[in-house]
Amino acid sequence: MIFVYILQSLKDHGYYIGISKNLTDRLKKHNAGGVSSTSRRRPFKIVYSEAFESYNIARLREKEIKSYKGGNKLRELLA
């Protein structure tokens, strides 16, 4: 399974959208500072995830969610 996930920073309350085969390990990596794009915003919690069988479909969904840019669609998804 491939997961599309949304993390929320407990520091600045912003979101990070990503893709991974292992959500638990990926969250640990984010919170350990192992991801340069999020290292200054940690700690994080997972607020949303979707599972896909295909990497290509998961990547398309990740791009779709990223296109929401924090607007109403993102709020609806997280509600």
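In the predicted model, Arg61 and Glu50 form a salt bridge whose closest N and O atoms are 2.8 Å apart; a salt bridge is defined as a side-chain nitrogen of Lys or Arg within 4 Å of a carboxyl oxygen of Asp or Glu. This pair links distant parts of the chain, with Arg61 in helix α2 (residues 55-66) and Glu50 in strand β3 (residues 44-52), 11 residues apart. Helices (H or I, at least four residues) and strands (E, at least two) are DSSP runs numbered from the N terminus. Arg61 is buried at 15% relative accessibility, and Glu50 is buried with a relative accessible area of 15%. Buried denotes under 20% relative accessible area, exposed over 50%, and partly exposed in between (1.4 Å probe, protein chains only).

Arg61 also forms a salt bridge with Glu64, the closest N and O atoms lying 2.8 Å apart. Glu64 and Arg61 are 3 residues apart in helix α2 and therefore separated by about one helical turn. Glu64 is partly exposed, at 38% relative accessibility.

A salt bridge between Lys66 and Glu62 has its closest N and O atoms 3.3 Å apart. These residues are 4 residues apart in helix α2, which places about one helical turn between Lys66 and Glu62. Lys66 is partly exposed at 40% relative accessible area, whereas Glu62 is buried at 3% relative accessibility.

Residues are numbered from 1 along each chain as its sequence is written, and side-chain values use heavy atoms, with hydrogens and water left out. For this predicted model, local features need pLDDT of at least 70 and side-chain atom pairs count only at pLDDT 80 or more, while totals for chains, interfaces and linings use all residues.
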